Amino acid sequence: MIAPLQTVSHSAPRPGSTGQPFLKLDGIDKTFMRGGTSTNVLKDINLVIGNGEYVSIIGHSGCGKSTLLNLIAGLTPVTSGAVLLEGQEVNEPGPERAVVFQNHSLLPWLTVYENVTLAVDKVFRGIKSKSERHEWALHNLGLVNMLHAKDRRPSEISGGMKQRVGIARALAMEPKVLLLDEPFGALDALTRAQLQDSVMEIHARLGNTVIMITHDVDEAVLLSDRIVMMTNGPSATIGEVLDIKIERPRKRLDLVDDHTYVRARAAVLEFLYARHKAPGLEAAE
Amino acid sequence: MQHLAVREPLVATPAGALPSTVASLVEADTRMTGKPKPAAPATVASTVSPTGDLRPNAAMRFVQWLGTDVVPPLLVVLALLLIWELACASPQSSLPAPTKIWAEAKDLILDPFFVAGPQDIGLGWRVLTSLQRVAIGFGLAAIVGIALGALVGQSQWAMRGLDPIFQVLRTVPPLAWLPISLAAFRDANPSAIFVIFITAIWPVIINTAVGIRNIPQDYRNVAQVLRLNQLEFFWRIMVPAAAPYMFTGLRIGIGLSWLAIVAAEMLTGGVGIGFFIWDAWNSSRLSDIVVALVYIGVVGFVLDRLVAWVGQIATRGTAAS
């Protein structure tokens, strides 16, 4: 059932990525030192991600999946090992690895449009003209269907809309890798489904490489080319990697009875709840 | 933030939570109760609703405002003046009664801007001179205070090194600085300005630092992903995010400045309102002192409201979503 790692066919290699892996996590260890005690959160993480791939990272709470995303983003330094993007070591955050934060992290004193232009102006100053940057900000707001609210402030729009703006802001940086940190976690089920569809559509249209943290099995199977399953911490590591060989575009209603979908879902559930139960659940039994 | 906030009595929560004056409490109360009901939609307007006929127009609102915000304080002031008049009515009274003040200091009350000689000028001029000193001293305190507050808020090292010094220095009373600043500047005017500066700067520093410590990690992450440089981070993230705290500090600072200037001017002399009081005391013009006190109170109130108003405009939309 667990397929070996494969390069994904639908990704068009970008110029410059000759031979070397697009994104490589190479023997990553992360230990937090706090007040004299050290906690080894992640141990020996090895993963290769191809250009244009959609990879989900799933695991129980506290398994260090958010830490892993922060390591890739460069927000947290690795203890040992390396994150290599197109052969270059990542050691600081940057717009080529744009993050969509779990709680949207929009700046409340700026309008929706200004939140996006803050990113656009920073990344494309000197590359695009002022009017081009304006167009580009509007274009990205259009991608997430938020043009109608461009002059509103974050406090005046709903949680789902905020998350859309967060995605627009990240997309507007034209990132090599889009990092999603439980992007739909705080949303109600209907809004979540809408946003998932939007993200799938954008991924199909732009072909970005996406790494998404999630704890939602259905979401992972629906969106991903591959699901990376984490063992429980401390010293969490990659337990298994599951290929989801479902044709795109995927329609959530068609997948309900789809054989591959059901089997993939079962595999993830089995990993999470039979072989790597949350520590709390084990104690309860 | 925790270190600073816990042992810092000067720190208030952002502007809105300042200890409000009675007036603003009354104001808030009327805003809640006296607010006109939203107009009924056109379709239901024909049916007589209980509130439909009572839609207040501008004139009614004005009358209401008079009734709630103007009449009560006016009545209280009149009552106090009456009590004062009765208490000081006897010829042996050590303090002047309101009628006596009116008779003796009518020129000061009626014309703030007369000029009758080098030392015989209206209180308006004197207040302006004092305000000029406050403007310079407080302006410097605002700039330096926000910069130092940003440093202490951003850097753990600066905080460890500077915070104990700040905590000690801020307890030094304003006038205790005066002799040393007179010695340093050898002139009354810069010394008075320095006293204002050193009085107003501490709440600005401390509140700014708390505000910056309170900037959510999320905003810092956004700034890092965008690779904002120090200057961009300061203007685009730090100032707007910490602005409510900064204005709380500035508001406390302007109040302290105004407290300090009067005392400092009493000692340094010159043209200010503080020296006027001292001078009046020395020539036993008690009525003049009372008028000057009213001037000082009104100007202090206006200064406080001015900073609060600027803060309200500057921090619009800064409140967390």
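**View 1. Helices α2 and α4 of chain A are roughly parallel to each other.** In this predicted model, the axes of helix α2 (residues 112–124) and helix α4 (residues 159–172) of chain A come within 9 Å and cross at roughly 15 degrees, and the pair counts as roughly parallel because angles under 35 degrees are classed that way. The crossing in which α2(A) passes α4(A) is right-handed. On the α2(A) side the contact is formed by A:V112, A:N115, A:V116, A:A119, A:V120 and A:F124, and on the α4(A) side by A:V165, A:A168, A:R169 and A:A172. Sorted by class, this contact has 8 nonpolar, 1 polar and 1 charged residues.

**View 2. Helices α12 and α14 of chain B are roughly antiparallel to each other.** The axes of α12(B) and of helix α14 (residues 286–314) of chain B are 9 Å apart, and the two helices pack at an angle of about 160 degrees; the pair is called roughly antiparallel because the limit for that class is an angle over 145 degrees. As in the title of this view, the description concerns chain B, whose secondary structure comes to 14 helices and 0 strands. α12(B) passes α14(B) in a right-handed crossing, and α12(B) contributes B:F247, B:L250, B:R251, B:I254, B:W258 and B:V262 to the contact, while the residues from α14(B) include B:I296, B:V299, B:L303 and B:V307. By class, the contact has 12 nonpolar, 2 polar and 3 charged residues.

**View 3. A:M230 is one of the residues with the most contacts inside the largest nonpolar core.** This core has 153 residues, and A:I211, A:I227 and A:V268 are listed together with A:M230 as those with the most contacts inside it. Its largest share, 14 residues, comes from helix α12 (residues 230–268) of chain B. With residues up to four places away in sequence left out, A:M230 touches, among others, A:L42, A:I45, A:I57, A:I58, A:C63, A:L68, A:I238 and A:F271.

**View 4. A:G50 lies in the loop between β2 (37–49) and β3 (54–58) of chain A.** This glycine counts as partly exposed, because its relative accessibility is 22%. When its neighbours within four places in sequence are set aside, A:G50 is in contact with A:F22, A:T209 and A:R226. Its C-alpha atom is separated by 13 Å from that of A:L178, a residue 128 positions apart from A:G50 along the chain.

**View 5. Two loops of chain A hold a cis peptide bond and a positive phi.** Most residues other than glycine have a negative phi, and most peptide bonds are trans. The bond from A:R248 to A:P249 is cis, with omega near 0 degrees, and A:P249 is placed in the loop between β10 (238–243) and α7 (252–255) of chain A. A:E182, in the loop between β7 (177–181) and α5 (189–206) of chain A, has a phi near 40 degrees, a positive value in a residue other than glycine. A:E182 is buried, with a relative accessible area of 11%.

**View 6. B:S284 is an exposed residue with a positive phi.** The phi of this serine is near 55 degrees, and B:S284 has its place in the loop between α13 (273–282) and α14 of chain B. With a relative accessible area of 59%, B:S284 is exposed.

Definitions and conventions: Residues numbered from 1 in each chain as written. Chains lettered and ligands numbered in written order. Predicted model: local features only at pLDDT ≥ 70, side-chain atom pairs only at ≥ 80, totals over all residues. Heavy atoms only, no water. Core = buried A, V, L, I, M, F, W, Y, C linked by side-chain atoms within 4.5 Å. Buried < 20%, exposed > 50% of the residue type's maximum accessible area, 1.4 Å probe, protein only. Helix = DSSP H or I, 4+ residues; strand = E, 2+ residues; numbered from the N terminus. Contact = heavy atoms within 4.5 Å. Axes fitted to C-alpha atoms, helices over the stretch in contact; angles between N-to-C directions. Parallel < 35°, antiparallel > 145°, perpendicular 65-115°, else oblique. Left-handed = near helix turned anticlockwise from the far one by under 90°. Nonpolar A, V, L, I, M, F, W, Y, C, P; charged D, E, K, R; others polar.
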